[in-house]
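Please look through the sequence and structure first.

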Amino acid sequence: MVLSKTSSESDDSVHSTFGSRYVRTALPRFRMPENSIPKEAAYQIINDELMLDGNPRLNLASFVTTWMEPECDKLMMAAINKNYVDMDEYPVTTELQNRCVNMIAHLFNAPLGESETAVGVGTVGSSEAIMLAGLAFKRRWQNKRKAEGKPYDKPNIVTGANVQVCWEKFARYFEVELKEVKLRDGYYVMDPEKAVELVDENTICVAAILGSTLNGEFEDVRLLNDLLAKKNKQTGWDTPIHVDAASGGFIAPFLYPDLEWDFRLPLVKSINVSGHKYGLVYAGIGWVIWRSKEDLPEELIFHINYLGADQPTFTLNFSKGSSQVIAQYYQLIRLGFEGYKNIMENCQENAMVLKRGLENTGKFDIISKDNGVPLVAFSLKDRSRHDEFEVSDYLRRFGWIVPAYTMPPDAQHITVLRVVIREDFSRTLAERLVLDVVKVLRELDALPSKLLTPAGINGTKENGTAIKKHMLETQRSVADAWKKFVMAKKTNGVC
Ligand SMILES: Cc1ncc(COP(=O)(O)O)c(C=O)c1O
């Protein structure tokens with residue numbers, strides 16, 4: 001009688017996961033496998049492959065939240081199986097969303113009475129929020145044109161060339177012409193005067209950004225409002241403003257309470273903000289708030305009742321998770337105005353520590369402003385030997401993820417590196433990053449330039465040093481591949 005089995009026949013649970021056949025064969029990539037595998041093996045395999053992703057906390061490319069309190073994590077995990085759209089079944093979750101809408105509307109100075117409910121909705125992020133706001137403007141403009149017996153087939157929207165890619169998506173998906181104000185050297189946001197010049201009778205709205213994705217700068221919404229009001233008076237149009245406050249919406253109220261950029265300005269009809277950026281919630285939540293009911297055409301709102309009571313909805317998708325909505329409510333009541341203010345002040349201070357450290361190297365020009373989203377955007381003063389893409393590439397070796405990108409037209413000759421300062425980026429990390437940048441600069445200085453003349457590449461001497469052709473070519477191809485990768489994401493596709 002045979003008492004032992006071969007490894008492949010035996011019970012899988014007795015083997016170490018790493019000794020099992022599941023980690024010995026190539027993983028399925030195209031077709032679903034025929035057979036099941038044990039849950040421990042599935043977990044281990046996926047977990048191990050994910051180790052090769054970057055560390056989110058060191059991802060300085062993103063505005064999106066990478067740390068929350070464990071108590072909030074607990075609430076989020078408890079709600080992970082709740083579909084937000086089942087509002088009749090989960091009425092408390094719906095109520096929390098409505099409370100968030102009210103609180104954010106008040107934060108943005110919506111003209112509301114103390115217990116009046118605000119008009120707004122939670123979305124997956126600012127992109128969905130912007131699509132909804134854009135659709136409301138388009139429909140409102142079309143209705144008005146129809147009523148006046150005028151053509152309504154050529155709507156346009158005026159923005160700066162610095163808009164995030166979601167505005168280009170809105171324009172393309174919903175057939176609205178995008179009229180972009182070009183940037184120029186030293187001025188990397190929308191110029192309000194030029195924007196107003198571009199407005200015509202087909203303009204559904206002007207979109208201003210509170211916290212440009214590229215350098216964090218706030219656009220001058222007050223000036224835009226005043227210039228547009230003047231033009232509206234002269235022409236009889238009533239072109240409105242949308243503020244894309246994806247990043248700045250949770251910064252300006254706390255750091256710059258006197259700055260007028262929101263519903264205090266009469267032409268601002270809607271505002272979006274990303275709950276998952278400085279709203280301090282993990283990825284998956286944004287908000288759009290309208291000034292009043294009149295600014296959101298009723299025909300865009302669907303009423304469904306097959307899950308229970310009447311549910312008004314204005315979103316692009318149907319099902320979504322509830323955790324982010326609950327987490328947003330947690331942050332709003334847990335931190336309160338005081339807590340958000342503290343966090344934003346701390347981010348701003350750390351941005352200044354980093355900025356000063358970079359300035360002290362003497363190697364960079366700072367492209368970001370001190371007032372705005374807490375980030376530092378910077379360019380090399382001297383690009384004759386190395387460029388920002390190489391700095392970004394070399395910083396990866398220390399674990400830092402710092403994107404490099406070129407500015408949109410007409411400033412496309414400017415390349416910047418950008419470090420976003422989030423709540424979880426401490427002063428120690430800021431100081432450490434400066435030290436690593438200095439090390440990278442030293443390393444790059446010791447390397448031959450990738451911008452060498454053909455004579456240099458052919459193995460002759462540069463600065464008395466013999467250059468190995470294959471080393472140079474490898475270095476060049478790494479830098480070029482990285483640059484292509486970044487460029488392929490579109491110049492202003494950073495998030
Ligand atoms: C100004 C601006 N608008 C919109 C977006 C898109 O936001 P979301 O990622 O929340 O969809 C971003 C993302 O960074 C942004 O910076």
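## The four-stranded sheet

Helix 10 (residues 388–396) lies across strand 11, strand 12 and strand 13, and runs at about 35° to strand 13. The model is predicted: local features need pLDDT of at least 70, side-chain atom pairs count only at pLDDT 80 or more, and totals for chains, interfaces and linings use all residues. Residues are numbered from 1 along each chain as its sequence is written. Helices (H or I, at least four residues) and strands (E, at least two) are DSSP runs, numbered from the N terminus. Axes are lines fitted to C-alpha atoms, for helices over the stretch in contact, and angles run from 0 to 180 degrees between N-to-C directions.

Strands of a sheet pair through backbone hydrogen bonds, either parallel or antiparallel. Two strands count as paired if DSSP finds at least two bridges between them. Here 4 strands form an open sheet in the order 10-11-13-12, with antiparallel pairing. Strand 10 (364–366) and strand 12 (404–406) are at the edges with a single partner strand each, so one side of each has no neighbour in the sheet. From one strand to the next the twist averages 40°. Strand 11 (residues 375–380) pairs with strand 13 (residues 415–420) over 4 bridges in the antiparallel sense. A377 has R418 in strand 13 as its bridge partner.

Another open sheet has 7 strands in the order 1-7-6-5-4-2-3, and its pairing is mixed. Strand 1 (119–123) and strand 3 (177–181) are the edge strands, each pairing on one side only. Neighbouring strands of this sheet are turned by 20° against each other on average, direction ignored. Strand 2 (residues 156–160) pairs with strand 3 in the parallel sense over 5 bridges. The bridge partner of G160 in strand 3 is V181.

Helix 3 (residues 91–107) packs on the sheet and touches strand 1, strand 6 and strand 7. Contact means that two C-beta atoms, placed from the backbone, lie within 7 Å.

K277 is found in the loop between strand 6 (268–274) and strand 7 (286–290). Among the residues that K277 touches, not counting those up to four places away in sequence, are A246 and S247.
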